[in-house]
Amino acid sequence: MTKLLKYMKGYGRDCALGPLFKLLEAVFELLIPLVVAQIVDVGVAAGDRGFIVRMCLLMVLLGLVGLVCAITAQYFAARTAVGFAARVRHAVMAHILSLGYTEQDALGGATLVTRMTSDINQVQNGVNLTLRLLLRSPFVVFGAMIMAFTIDFQAALVFVVLIGALCLVVFGIMLVTMPMYRRVQVGLDGITAATRENLAGVRVLRAFCKEDDQIRTFSQRTEVLKERQLLAGRVSGLMNPLTFAILNLAVAALIQVGALRVEAGVLTQGLVVALYNYMSQILVELVKMANLIINMTKAAACGNRVQALLEVQALQTDGPDTQLPQGGVEFRNVTASYAGAAAPALEGISFLARPGQTIGVIGGTGSGKTTLVNLIPRFYDASSGQVLLDGRPVDSLNRQTLRREIGMVPQRSELFQGTIRENLLWGDGSATDEELWQALETAQASQVVRDKGGLDSPVSQGGANFSGGQRQRLTIARALVRKPRILILDDSASALDYATDARLRGAIQNLPEKPTVFVVSQRAASVRYADQILVLDEGKLVGQGSHGELLASCPVYREIYYSQFPREEAAHE
Amino acid sequence: MNEQNQWQILKKVLLRVRRHLWKIAASLVLATGYVAMSLRIPILVGQAVDQIVAPGDVDFAAVAAILSRILLCAALGAVSQWLMQEMNNRTVYRVTQQIREEAFRHLQRLPLSYLDSHPQGDIVSRVVADVDSFADGLLMGFTQFFTGVTTILGTLGLMLAIRWQIALVVVGITPVSLLVAKFIAQRTYDLFREQTAAQGEQTALINETVGGLKTVQAFSHEEATLADFDKINTRLEKSALKAIFYSSITNPSTRFVNALVYAGVGLTGALSAMTGGITVGNLTSFLSYANQYTKPFNEISGVVAELQNSLACAGRVFQLIEAPAMDPDPQEPARPAKFTGGVEIRDLEFSYTPEKPLIRDFSLSVRPGQRVAIVGPTGCGKTTFINLLMRFYDPQGGRILLDGVDTQTMSRRALRRSVGMVLQDTWLQSGTVAENIAMGKPEATRAEIIAAAKQAHAHGFIRRLPQGYDTPIGESGGALSQGQKQLLCIARVMLCLPPMLFLDEATSSIDTRTELQVQRAFDAMMAGRTSFIVAHRLSTIREADIILVMKDGQIIEQGRHEELLRKGGFYFELYNSQFAH
């Protein structure tokens with residue numbers, strides 16, 4: 001949390017002024033019982049009407065000044081908290097955008113979203129409350145006690161005992177119930193999970209006639225939840241009655257002491273009234289203080305999580321070379337492992353792709369196909385061996401330059417909210433409409449765009465208003481817009497039917513720029529016409545060559561091919 | 001939601017809390033007791049103060065008597081408050097449990113047409129979150145409201161009894177606090193809406209960016225994304241500042257109004273104490289009432305909004321509970337003498353929406369043991385077929401006969417027990433591997449489970465799992481691969497082996513090796529059983545006794561491979577585009 005405080009820079013004055021004004025408000029509030037004592041002891045006793053009126057006006061004035069102070073304080077607190085949160089959000093967003101693929105994989109998307117949204121909101125809330133209450137509540141509680149001491153030492157001792165007892169009860173109960181409420185939350189999560197599972201598996205559950213079982217399990221969970229809720233409720237329900245009893249016990253003690261001290265001539269009647277008034281101020285503020293402490297702990301925990309995210313450092317360093325790649329790709333004995341994985345995802349891979357060649361990459365799930373192509377734009381780095389572009393090691397190249405010349409079509413086809421045009425311009429911000437249409441034509445997506453109503457038709461979040469196949473073709477077009485030297489299609493035709501897939505392959509073959517093309521696929525049909533096919537099995541290169549060569553020499557390729565094209569069928573050709 | 005509706009919801013709520021009415025009544029009595037005690041104490045304090053006037057003028061005996069009464073009141077007040085909370089908790093948590101169970105039980109009886117057409121998240125939030133806010137708001141709110149009103153009325157009565165002139169001052173000024181709070185709340189409502197909108201927009205952008213982070217980086221789009229983000233971030237900062245600042249004015253403002261009330265009571269009280277109208281002790285009581293009196297007003301104004309919100313939540317829960325359930329099974333369900341797996345479909349008519357007829361005049365006759373392959377492009381409507389066969393949906397016309405018995409006259413249970421289903425969208429329950437395999441036959445022994453797993457070619461990988469058959473599987477499968485999950489689903493059916501099967505062949509999502517295993521498992525299972533297969537593999541299709549060709553949800557051709565090829569229709573085209581190159 002402490003390192004986040006640097007984003008408070010510039011708000012130092014506000015941070016000091018906020019609590020200070022709060023403190024002033026509290027001071028004015030604490031003066032009121034003394035004014036009442038004056039009214040009783042001087043005004044009423046002497047029958048001085050003018051004095052009483054003046055004192056009451058003074059009370060209104062104190063209230064008014066208090067109001068102005070409080071509003072000023074609230075403003076400073078809100079401004080600091082909101083400004084701080086906005087800066088932290090900006091910093092976290094910039095940081096997230098700079099993370100490498102390895103770090104993203106380790107952190108996970110859900111975590112990143114939670115840190116950015118609810119965690120930072122909690123921190124904002126915590127900062128705001130802290131600035132508002134940190135000085136006020138303790139000041140009122142202990143201020144009341146100090147005021148009591150200025151009035152009378154013996155009576156003030158009652159305050160000391162009272163505050164001690166109240167703290168014990170309030171904090172004690174909060175401490176005891178916190179884990180109880182956590183268990184209630186766990187129970188509630190269990191009910192959510194049970195309901196969600198029931199809905200997700202409804203067909204299977206009904207097919208197996210499990211409805212009654214489901215109801216029984218659900219009832220057990222609600223029963224457990226209810227018991228936990230009752231227990232937590234019973235303990236936390238002690239707070240109000242106990243503080244009520246303790247406070248009134250203290251009131252009784254105060255009056256007894258007051259009676260003795262008045263008899264002794266040390267106190268006046270008005271001062272006893274003042275002490276009684278101080279006492280009733282304590283409880284409200286003490287409960288606020290306890291809540292503040294809980295909120296602060298929560299906010300600090302969230303702040304620590306945000307800070308931990310900011311401390312995750314991208315391991316990859318950028319290279320200096322800004323010479324444009326021409327499309328030659330070479331792997332020299334490349335091994336790559338994911339962080340935390342037991343076995344490498346790729347092991348000892350070597351191959352050479354000349355500019356303009358088409359390279360097919362085939363293999364089962366988990367065989368390392370995607371890993372292989374992800375090494376080319378440096379989404380990941382090889383753990384040993386070398387990836388070379390036109391003979392230069394890929395990590396000596398400037399990342400920005402490198403990626404500009406690579407058209408990547410990832411496995412998951414993602415579009416972003418906006419228009420089709422905006423999405424396509426991601427490829428190349430300066431592309432003309434004609435170039436966009438050309439790319440769409442090659443990607444077999446021009447009809448999709450026309451059907452949707454042209455380049456300016458909207459794309460909803462994640463491209464949800466397009467089917468899987470449409471999205472795939474649009475992401476291909478997006479990559480083509482930049483006229484890349486290297487085009488990588490990572491299983492990006494899986495949702496297309498065979499005929500469209502074939503047309504797409506043909507169009508890419510005929511691109512005037514003649515890029516080096518990597519086609520990753522599970523379908524033998526997609527790779528069989530490639531200049532070179534790489535066959536991967538469990539991270540190893542088990543075959544390399546043309547379709548005909550592999551069919552003759554590579555058993556894994558044969559197995560894949562014949563599972564998709566039954567032997568006799570293939571023989572017909 | 002209109003007035004009428006709110007009353008109806010309230011009636012339904014009352015119906016469900018009927019069993020707890022005595023607890024609610026007891027809670028109200030206890031609340032009254034607590035309020036009475038908490039109001040009596042300031043009076044007693046005032047009386048005590050009157051006994052402590054000056055040196056020599058202190059009546060210790062009287063003070064002692066009053067103090068013992070204060071202690072008694074404090075004890076009684078504390079006990080009744082604790083009991084009241086216990087009563088409330090019991091009512092609230094039991095009603096919550098009761099309504100949740102009712103909702104969940106109803107979920108099991110809702111037709112799939114309802115579940116398919118309502119987002120899961122929405123249903124879950126009705127069962128979980130809405131029930132909670134209903135219980136919190138309505139029941140807690142109700143007692144809070146009651147305590148608040150009793151406190152206000154009690155304070156008012158006592159103040160009037162002591163000195164009505166001063167009471168009028170309090171009554172006159174207090175509403176100002178309400179007005180101020182309401183004024184601020186109205187202003188901030190719009191500001192908060194603005195903030196929520198900006199926040200929603202930002203969250204959406206964050207979600208999208210994080211989800212597509214790799215793409216953002218692949219296209220070096222980081223700076224542009226950050227610029228977009230900053231635009232929203234600045235907007236959010238501005239609206240959040242306004243909303244938070246204006247809403248935080250409420251507390252100081254009401255405190256100021258309280259100060260006004262206090263000064264007013266001080267003035268009028270002191271003046272009448274001077275003329276002997278009241279005692280100093282009375283003034284003390286008044287001052288503490290002035291504090292007590294304004295507090296419940298602020299609470300009540302919040303409670304009304306919360307009550308309305310919780311009624312709305314209750315309404316959402318009842319909507320779910322009252323959604324029409326499936327037609328019940330017939331009183332005396334028919335069942336075939338023996339399930340052999342003969343299926344006869346006669347003049348079937350079905351559509352999901354009346355505007356879009358899907359299946360019309362469809363007839364099919366399948367003899368026991370025959371294989372039916374369903375082919376067609378993805379999204380052609382194979383789920384429709386399983387929906388009708390398993391009676392997840394009922395047809396609008398025509399009949400499906402199982403060994404000569406209309407499935408509509410059978411109990412769903414008997415029907416579904418006679419069909420084994422393996423879908424491509426594999427779903428596993430949270431539980432162990434063994435529990436999942438035994439889903440259809442919970443009483444199965446470990447030996448039976450292992451035998452089924454072996455037949456499904458799943459034994460090998462299960463053995464290699466960290467805890468073998470006792471390895472827990474998380475929600476929706478956890479760490480298992482798609483192919484492994486499918487093998488478990490096959491083992492699950494293998495254990496009960498019903499006379500009919502509905503299978504979904506794997507597409508490219510699982511790798512070739514596993515696919516071969518799945519295929520072998522399918523073959524073992526289908527031996528001698530009537531099977532419907534959503535087919536992707538040429539060999540499966542060619543070996544089928546009947547091929548159903550589906551397109552856009554409709555069955556457009558049926559027959560054997562050679563027949564259909566000769567016909568030169570859609571199947572011919574499909575075959576040529578997929579398998580011939």
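Me: How far apart do the C-alpha centres of domain 1 of chain A and domain 3 of chain A lie?
Reply: This is a predicted model, where local features need pLDDT of at least 70 and side-chain atom pairs count only at pLDDT 80 or more, while totals for chains, interfaces and linings use all residues. Residues are numbered from 1 along each chain as its sequence is written, and chains are lettered from A and ligands numbered from 1 in the order in which they are written. Chain A is divided into domain 1 (2–311), domain 2 (324–405 + 487–500 + 516–573) and domain 3 (411–483), with bounds from an automatic or database domain assignment. Between the C-alpha centres of domains 1 and 3 of chain A, the distance is 52 Å.

Me: And what separates the centres of domain 1 and domain 3 in chain B?
Reply: In chain B, domain 1 covers 1–163 + 278–326, domain 2 covers 184–277 and domain 3 covers 421–497. Taken over C-alpha atoms, the centres of domains 1 and 3 of chain B are separated by 51 Å.

Me: Which element gives the largest share of the side of chain A that touches chain B?
Reply: The contact takes 122 residues from chain A and 117 residues from chain B; two residues are in contact if their C-beta atoms, placed from the backbone, lie within 7 Å. The largest share on the chain A side is 24 residues, and they come from helix 2 (residues 49–98) of chain A.

Me: How many nonpolar residues does that side of chain A have?
Reply: Ala, Val, Leu, Ile, Met, Phe, Trp, Tyr, Cys and Pro count as nonpolar, Asp, Glu, Lys and Arg as charged, and the others, Gly among them, as polar. The side of chain A that touches chain B has 19 charged and 38 polar residues, and its nonpolar residues number 65.

Me: What radius of gyration does chain B have?
Reply: The radius is taken over C-alpha atoms, and the globule rule is 2.2 Å times the number of residues to the power 0.38. For 581 residues, a compact globule would come near 25 Å, but chain B has 36 Å.

Me: Why does R316(B) count as partly exposed?
Reply: R316(B) is found in helix 10 (residues 280–322) of chain B; helices (H or I, at least four residues) and strands (E, at least two) are DSSP runs, numbered from the N terminus. A residue is buried if 20 or more other C-beta atoms lie within 10 Å of its own, exposed if 12 or fewer, and partly exposed in between, with C-beta atoms placed from the backbone. R316(B) is partly exposed because its C-beta neighbours inside 10 Å number 19.
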